[in-house]
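I opened this entry to look up helix ends, pockets and cavities. The notes follow in the order I took them.

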Amino acid sequence: MVQATQKIWMDGKFVDWDKAQVHVLSHTLHYGLGVFEGIRCYETVHGPAIFRLPEHLERLFHSAHIAGLKVPFSPEEIRQAIIDTVKINNLRACYIRPLIYLGYGEMGINNSRNPVCVAIAVWPWGAYLGEKALTEGIRVRISSFTRHHVNVMMTKAKIVGNYANSQLAKMEAVASGYDEAIMLDVHGNVAEGTGENIFIVRRGELKTPPLTAILEGITRNSIIDLARHLGYTVHETVFSRDELYIADEAFFTGTAAEVTPIREVDNRTIGSGRPGPVTHRLQQAFFRIVQGKDDTFKAWLTYI
């Protein structure tokens, strides 16, 4: 369950958590056209800090642009609203969810007369897949659901409706006894998880799928930069499910998943069956940065 906090920002005003309501006929609820972001605020040794806030704001507004939604607030106004929402709820660490959605008005596919609304909520949230997932790794399966084709849905935008596909894949995986799912692209190559990007390690080098047909993850980009800083070679290239099976290591990245090792795919052990040395090193380096203990990438943190 989401842990309730005190206030939610809605269209320029703070409202009580229990009063942050929309009409049941709000357009996005019925037709799925809306955009959102998932952002983390970490408790650091220097106080609360939001991870890569400018990049998240840029992607939020890019998503809205792709979806044809005219946001009634500027990026700077949303930036300040996010910071104020964390502050007013007295949180030192939290998950942040900005949502741009079409509100109550006309029903039907034509949304041109419906208002564009914005909400920002924050709440405490620990490890997305559980604390053991970070230390021991998770079991995943290849989904029967294919990642959206780039000409079917706008894959570079975090569009609300896109995640129906992810939910179906997640439900299938959990019902089959797995922790998470991996979706293939329309060509049969590995694409991404239901809400995560994926990396594999082979012979000391990292591979991650290219931007075709995947969401350009901000944590993904961070890990690429961090890995190269640590001296690793990173290839943004296609790879097949059987190459995933024989990888030395594999892991997910994402705002929610952070850096989560994968120990098994389709009942096939990955490497030793435990988080590998490259994954462990990247995970530890990542957490040191977001906790403010390593200033190498200090620009990634917006202190509040």
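I began at the end of α6, where the next residue of note is Gly 231, which follows the helix and has a positive phi near 100°. Elements here are DSSP runs numbered from the N terminus, with helices being H or I of at least four residues and strands E of at least two.

Two notes on the source. The model is predicted, so I kept in mind that local features need pLDDT of at least 70 and side-chain atom pairs count only at pLDDT 80 or more, while totals for chains, interfaces and linings use all residues. Residues are numbered from 1 along each chain as its sequence is written, and side-chain values use heavy atoms, with hydrogens and water left out.

**Helices**

I checked the length of α6: its 12 residues at 1.5 Å a residue should span 16 Å, and the end C-alpha atoms are 17 Å apart, which agrees. The expected span is 1.5 Å times one less than the number of residues. I listed the buried residues of α6 as Ile 218, Thr 219, Arg 220, Ser 222, Ile 223, Ile 224, Leu 226 and Ala 227. Buried means under 20% relative accessible area with a 1.4 Å probe, protein chains only.

I did the same for α8 (277-290): 14 residues should span 20 Å at 1.5 Å a residue, and the end C-alpha atoms are 20 Å apart, which agrees. The buried residues of α8 include Leu 282, Phe 286, Phe 287 and Ile 289. Gly 292 follows α8 and has a positive phi, near 75°.

**Pockets**

Which residues lie nearest the centre of the largest pocket? I found Phe 36, Glu 37, Tyr 95, Arg 97 and Tyr 163 there, out of 50 lining residues. Elements that give two or more residues to this lining are β1 (7-10), α1 (27-31), β6 (94-102), β7 (116-123), α5 (163-175), β10 (190-193), α6 (218-229) and β14 (249-254). The space in the largest pocket is about 1400 Å³. Terms, for the record: on a 1 Å grid over the protein atoms alone, a pocket is an open set of points with protein on both sides within 12 Å along at least five of seven lines, a cavity is a set where a 1.4 Å probe fits but cannot get out, and lining residues have an atom within 4 Å of a point. A volume is the space filled by probe spheres set on the points.

By class I noted 25 nonpolar, 17 polar and 8 charged residues in the lining of the largest pocket. Asp, Glu, Lys and Arg count as charged, Ala, Val, Leu, Ile, Met, Phe, Trp, Tyr, Cys and Pro as nonpolar, and the others as polar.

The second largest pocket has a volume of about 240 Å³. Its lining divides into 3 nonpolar, 2 polar and 6 charged residues, among them Arg 52, Glu 55, Lys 156 and Glu 216. α2 (53-67) gives the largest share, 5 residues, and α6 also supplies at least two.

**Cavities**

How many cavities of 30 Å³ or more does the structure hold? I counted 2. The largest cavity has a volume of about 40 Å³, and its lining includes Asp 248, Ile 262, Arg 274 and Thr 279. β14 and β15 (258-265) each give two or more residues to that lining.

The second largest cavity has a volume of about 30 Å³. α4 (131-136) and β15 each supply at least two of its lining residues, and by class the lining has 7 nonpolar, 2 polar and 1 charged.

Methods
Buried means under 20% relative accessible area, exposed over 50%, partly exposed in between (1.4 Å probe, protein chains only).
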